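Subject: Structure handover and notes

Dear colleague,

I am passing on the structure that we talked about, together with some notes on what was found in it. Please have the model open while you read.

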Amino acid sequence: MNKFPSYDTVQRVRKMYPSGTHVELIEMDDPYTDMPPGLRGMVGWVDDIATVHIFWENGSRLGALYGIDRIRKIND
């Protein structure tokens with residue numbers, strides 16, 4: 001069974017979160033990092049498995065994993 005997002009899904013995520021989009025973290029499923037809800041950042045890019053790579057305001061560059069982590073667009 002293929003666990004990777006389809007090509008169409010990756011393209012949809014890239015369209016939804018283009019480089020430079022400002023986002024806010026809703027939830028991140030990573031017990032090894034301190035990424036609190038409400039943390040803001042700017043999208044750098046979306047990779048081929050739909051991970052949204054973000055430059056967070058706390059200095060982290062951790063990506064938001066498609067289907068696992070939750071982010072939302074914000075207007076500054």
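This is a predicted model: local features need pLDDT of at least 70, side-chain atom pairs count only at pLDDT 80 or more; totals for chains, interfaces and linings use all residues.

Residues are numbered from 1 along each chain as its sequence is written, and side-chain values use heavy atoms, with hydrogens and water left out.

The whole chain

The chain contains 1 helix and 5 strands, where helices (H or I, at least four residues) and strands (E, at least two) are DSSP runs numbered from the N terminus. Their order along the sequence is α-β-β-β-β-β. The radius of gyration, taken over C-alpha atoms, is 12 Å, close to the 11 Å from the globule rule (2.2 Å times the number of residues to the power 0.38) for 76 residues, so the chain is as compact as a globular protein of that length. Along the principal axes, the C-alpha atoms occupy a box of roughly 35 × 30 × 15 Å.

Of the 76 residues, 36% count as buried, a term that stands for under 20% relative accessible area, with exposed meaning over 50% and partly exposed in between (1.4 Å probe, protein chains only). If contact is taken as heavy atoms within 4.5 Å, then 48% of the contacts between residues at least 6 apart in sequence join residues at least 24 apart. As for charge, the mean positions of the 9 positive and 11 negative charges lie 7 Å apart, with Lys and Arg counted as positive, Asp and Glu as negative, and His and the chain ends not counted.

The nonpolar core

A nonpolar core here is a set of buried Ala, Val, Leu, Ile, Met, Phe, Trp, Tyr and Cys residues joined through side-chain atoms within 4.5 Å. The largest one has 16 residues, and those that touch the most other members are Y17, V23, L25, V52, I54, W56 and I71. At least two residues of this core come from each of α1 (7-16), β1 (22-27), β2 (40-46) and β3 (52-56), and β3 gives the most, with 3 residues. V23 shows how such a residue is surrounded: leaving aside neighbours within four places in sequence, its contacts include Y17, L39, V43, I54, W56 and I71.

E24 lies in strand β1 and counts as buried, at 14% relative accessibility. Although E24 and I71 are 47 residues apart along the chain, their C-alpha atoms are separated by 5.6 Å. Beyond the neighbours within four places, E24 is in contact with G38, L39, R40, R70, I71, R72 and I74.

V10 lies in helix α1 and is buried, at 4% relative accessibility. Not counting residues up to four places away in sequence, V10 touches P5, D47, D48, I49 and A50. Q11 is also found in helix α1, but Q11 counts as partly exposed, at 29% relative accessibility; its C-alpha atom is 9.9 Å from that of D47, which is 36 residues away in sequence.

A50 deserves a look of its own. Most residues other than glycine have a negative phi. A50, however, has a positive phi of about 70° although it is not a glycine. A50 is placed in the loop between β2 and β3 and counts as buried, at 1% relative accessibility.

T51 lies in the loop between β2 and β3 as well, and T51 is buried, with a relative accessible area of 6%. Leaving out residues up to four places away in sequence, T51 touches W45, V46, G63, A64 and L65.

The end of the chain

N75 is found in the segment after β5 (70-73) and is exposed, with a relative accessible area of 79%. The C-alpha atoms of N75 and I49 are separated by 26 Å, and these two residues are 26 residues apart along the chain.

With best wishes

Technical notes:
The place of a charge is taken as NZ of Lys, CZ of Arg, CG of Asp or CD of Glu.
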